[in-house]
Amino acid sequence: MRYRLLRTLTLLAASAVGSVSLQEAAEGRIPITGPTTITAKGHYVVTQNITASGTVVTISADDVDLDLNGFTLEETSLLSPVISGASAERLSIHDGNLVGGRTGVTLARGHNSRLTNLTVLYSVDNGISVTATHDFTIEGCLIEESGAVGISVASQTERGFGVI
(Lines give C-alpha, C1' and ligand atoms only; values in the text may rest on other atoms or scores of the structure.)
Protein backbone atom coordinates (compact mmCIF):
# COMPACT_ATOMS: atom_id res chain seq x y z
CA MET A 1 0.00 0.00 0.00
CA ARG A 2 2.74 2.46 0.93
CA TYR A 3 4.60 1.72 -2.35
CA ARG A 4 1.45 2.38 -4.39
CA LEU A 5 0.83 5.71 -2.61
CA LEU A 6 4.45 6.79 -3.09
CA ARG A 7 4.33 5.81 -6.77
CA THR A 8 1.07 7.75 -7.26
CA LEU A 9 2.51 10.86 -5.58
CA THR A 10 5.66 10.58 -7.71
CA LEU A 11 3.61 10.36 -10.92
CA LEU A 12 1.47 13.34 -9.87
CA ALA A 13 4.57 15.40 -9.10
CA ALA A 14 6.11 14.45 -12.43
CA SER A 15 2.98 15.49 -14.31
CA ALA A 16 3.00 18.88 -12.56
CA VAL A 17 6.52 19.69 -13.78
CA GLY A 18 5.41 20.58 -17.30
CA SER A 19 4.79 18.92 -20.59
CA VAL A 20 7.81 16.60 -20.52
CA SER A 21 6.61 13.31 -21.86
CA LEU A 22 7.67 9.90 -20.63
CA GLN A 23 9.56 9.54 -23.91
CA GLU A 24 11.51 12.76 -23.25
CA ALA A 25 12.34 11.60 -19.73
CA ALA A 26 13.45 8.23 -21.09
CA GLU A 27 15.68 10.04 -23.60
CA GLY A 28 17.39 11.78 -20.68
CA ARG A 29 16.23 15.30 -21.60
CA ILE A 30 16.25 17.62 -18.60
CA PRO A 31 13.20 19.93 -18.37
CA ILE A 32 13.59 23.70 -18.06
CA THR A 33 10.57 25.49 -16.58
CA GLY A 34 12.08 28.83 -15.52
CA PRO A 35 15.24 30.95 -15.69
CA THR A 36 18.25 28.70 -15.28
CA THR A 37 22.01 28.31 -15.46
CA ILE A 38 23.16 25.10 -17.14
CA THR A 39 26.37 23.87 -15.53
CA ALA A 40 26.48 20.25 -16.72
CA LYS A 41 26.53 18.71 -20.18
CA GLY A 42 23.32 17.13 -21.37
CA HIS A 43 20.12 17.45 -23.36
CA TYR A 44 17.76 20.11 -22.04
CA VAL A 45 14.20 20.85 -23.16
CA VAL A 46 12.08 23.93 -22.45
CA THR A 47 8.59 22.88 -21.39
CA GLN A 48 6.77 26.24 -21.29
CA ASN A 49 7.11 29.90 -22.25
CA ILE A 50 9.50 31.67 -19.86
CA THR A 51 9.71 35.41 -19.11
CA ALA A 52 12.43 36.94 -16.92
CA SER A 53 14.08 40.25 -16.10
CA GLY A 54 17.65 39.13 -16.76
CA THR A 55 19.17 36.31 -18.78
CA VAL A 56 16.67 33.48 -19.18
CA VAL A 57 19.22 30.70 -19.87
CA THR A 58 22.92 30.90 -19.13
CA ILE A 59 25.03 28.04 -20.46
CA SER A 60 28.41 27.53 -18.81
CA ALA A 61 29.01 23.87 -19.67
CA ASP A 62 30.34 22.20 -22.81
CA ASP A 63 28.30 19.68 -24.83
CA VAL A 64 24.83 21.12 -24.22
CA ASP A 65 21.80 20.59 -26.47
CA LEU A 66 19.09 23.14 -25.66
CA ASP A 67 15.77 22.35 -27.36
CA LEU A 68 13.40 25.30 -27.03
CA ASN A 69 10.65 22.92 -28.10
CA GLY A 70 8.73 25.67 -29.95
CA PHE A 71 8.39 27.81 -26.82
CA THR A 72 9.28 31.49 -26.30
CA LEU A 73 11.94 32.85 -23.96
CA GLU A 74 11.56 36.56 -23.19
CA GLU A 75 13.98 38.91 -21.40
CA THR A 76 12.09 42.03 -20.26
CA SER A 77 14.78 44.31 -18.77
CA LEU A 78 16.41 44.68 -22.22
CA LEU A 79 19.80 44.74 -20.45
CA SER A 80 20.84 41.07 -20.75
CA PRO A 81 20.88 38.47 -23.50
CA VAL A 82 17.95 36.08 -23.61
CA ILE A 83 20.44 33.18 -23.89
CA SER A 84 24.11 33.50 -22.98
CA GLY A 85 26.78 30.94 -23.81
CA ALA A 86 30.18 32.06 -22.57
CA SER A 87 33.23 29.82 -22.87
CA ALA A 88 31.00 26.82 -23.50
CA GLU A 89 31.83 24.68 -26.52
CA ARG A 90 29.76 22.36 -28.69
CA LEU A 91 26.42 24.00 -27.95
CA SER A 92 23.28 23.35 -29.93
CA ILE A 93 20.42 25.80 -29.40
CA HIS A 94 17.37 25.21 -31.56
CA ASP A 95 13.66 25.31 -32.36
CA GLY A 96 12.12 28.26 -30.56
CA ASN A 97 11.56 31.98 -30.13
CA LEU A 98 13.62 34.62 -28.34
CA VAL A 99 12.06 37.98 -27.54
CA GLY A 100 13.59 41.18 -26.14
CA GLY A 101 16.87 41.29 -24.33
CA ARG A 102 20.04 43.15 -25.18
CA THR A 103 20.64 40.34 -27.69
CA GLY A 104 18.72 37.18 -28.46
CA VAL A 105 21.75 34.91 -28.22
CA THR A 106 25.29 35.79 -27.20
CA LEU A 107 28.05 33.26 -27.89
CA ALA A 108 31.55 34.08 -26.67
CA ARG A 109 34.25 31.47 -27.18
CA GLY A 110 31.51 28.97 -28.06
CA HIS A 111 33.59 26.96 -30.51
CA ASN A 112 31.89 24.25 -32.60
CA SER A 113 28.41 25.50 -31.75
CA ARG A 114 25.19 25.53 -33.75
CA LEU A 115 22.12 27.80 -33.70
CA THR A 116 19.20 26.47 -35.76
CA ASN A 117 15.56 27.32 -36.36
CA LEU A 118 15.37 30.28 -34.00
CA THR A 119 13.14 33.32 -34.34
CA VAL A 120 14.71 36.35 -32.62
CA LEU A 121 12.51 39.42 -32.15
CA TYR A 122 12.91 42.93 -30.70
CA SER A 123 16.47 42.78 -29.29
CA VAL A 124 17.86 46.16 -28.30
CA ASP A 125 21.25 45.45 -29.88
CA ASN A 126 22.03 42.46 -32.16
CA GLY A 127 19.72 39.52 -32.70
CA ILE A 128 22.65 37.09 -32.52
CA SER A 129 26.12 38.10 -31.34
CA VAL A 130 29.12 35.80 -31.84
CA THR A 131 32.57 36.78 -30.55
CA ALA A 132 35.94 34.99 -30.32
CA THR A 133 34.35 31.80 -31.66
CA HIS A 134 35.34 29.49 -34.50
CA ASP A 135 33.64 26.63 -36.33
CA PHE A 136 30.06 27.65 -35.65
CA THR A 137 26.88 27.46 -37.73
CA ILE A 138 23.78 29.63 -37.79
CA GLU A 139 21.06 28.01 -39.87
CA GLY A 140 17.38 28.68 -40.51
CA CYS A 141 17.18 31.63 -38.09
CA LEU A 142 14.83 34.59 -38.56
CA ILE A 143 15.81 37.88 -36.93
CA GLU A 144 13.42 40.84 -36.97
CA GLU A 145 13.35 44.28 -35.38
CA SER A 146 16.82 44.16 -33.82
CA GLY A 147 18.17 47.55 -32.76
CA ALA A 148 21.55 47.14 -34.47
CA VAL A 149 22.25 44.27 -36.86
CA GLY A 150 20.64 40.87 -37.16
CA ILE A 151 23.83 38.83 -36.78
CA SER A 152 27.07 40.30 -35.47
CA VAL A 153 30.25 38.24 -35.91
CA ALA A 154 33.56 39.33 -34.42
CA SER A 155 35.24 35.98 -34.60
CA GLN A 156 38.34 33.91 -35.25
CA THR A 157 37.59 33.44 -38.92
CA GLU A 158 40.86 31.70 -39.73
CA ARG A 159 39.23 28.51 -38.44
CA GLY A 160 36.05 29.03 -40.42
CA PHE A 161 32.36 29.51 -39.78
CA GLY A 162 29.13 29.25 -41.65
CA VAL A 163 26.06 31.45 -41.64
CA ILE A 164 23.21 29.95 -43.63
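How many bridges join β10 to β12, and do they run parallel or antiparallel? I opened the predicted model with that in mind. I found four bridges between β10 and β12, and the two strands run parallel.

**Along the pairing.** I picked T106 and looked across: it stands opposite S129 in β12. From S129 I carried on to the next strand and landed on S152 in β15, which stands opposite S129. β12 and β15 (residues 151-154) are again parallel, with four bridges joining them.

**The whole sheet.** I then wrote down the strand order, which is β2-β5-β8-β10-β12-β15. Those six strands make an open sheet with parallel pairing. At the edges I have β2 (36-38) and β15, each of which pairs on one side only.

**The core.** Next I went to the largest nonpolar core, which holds 29 residues. Which members touch the most others? I59, L66, L73, I83 and L98 do. I also checked which elements give two or more residues to this core: β5 (57-59), β6 (64-67), β9 (91-100) and β10 (105-108) are among them, and so are β11 (114-121) and β12 (128-131).

**A look around I83.** I set aside the neighbours of I83 within four places in sequence and listed what remains in contact. The list includes I59, L66, L73 and L98, along with V57, L68, I93 and V105.

Note on methods. Residues numbered from 1 in each chain as written. Predicted model: local features only at pLDDT ≥ 70, side-chain atom pairs only at ≥ 80, totals over all residues. Heavy atoms only, no water. Core = buried A, V, L, I, M, F, W, Y, C linked by side-chain atoms within 4.5 Å. Buried < 20%, exposed > 50% of the residue type's maximum accessible area, 1.4 Å probe, protein only. Contact = heavy atoms within 4.5 Å. Pairing = 2+ DSSP bridges.
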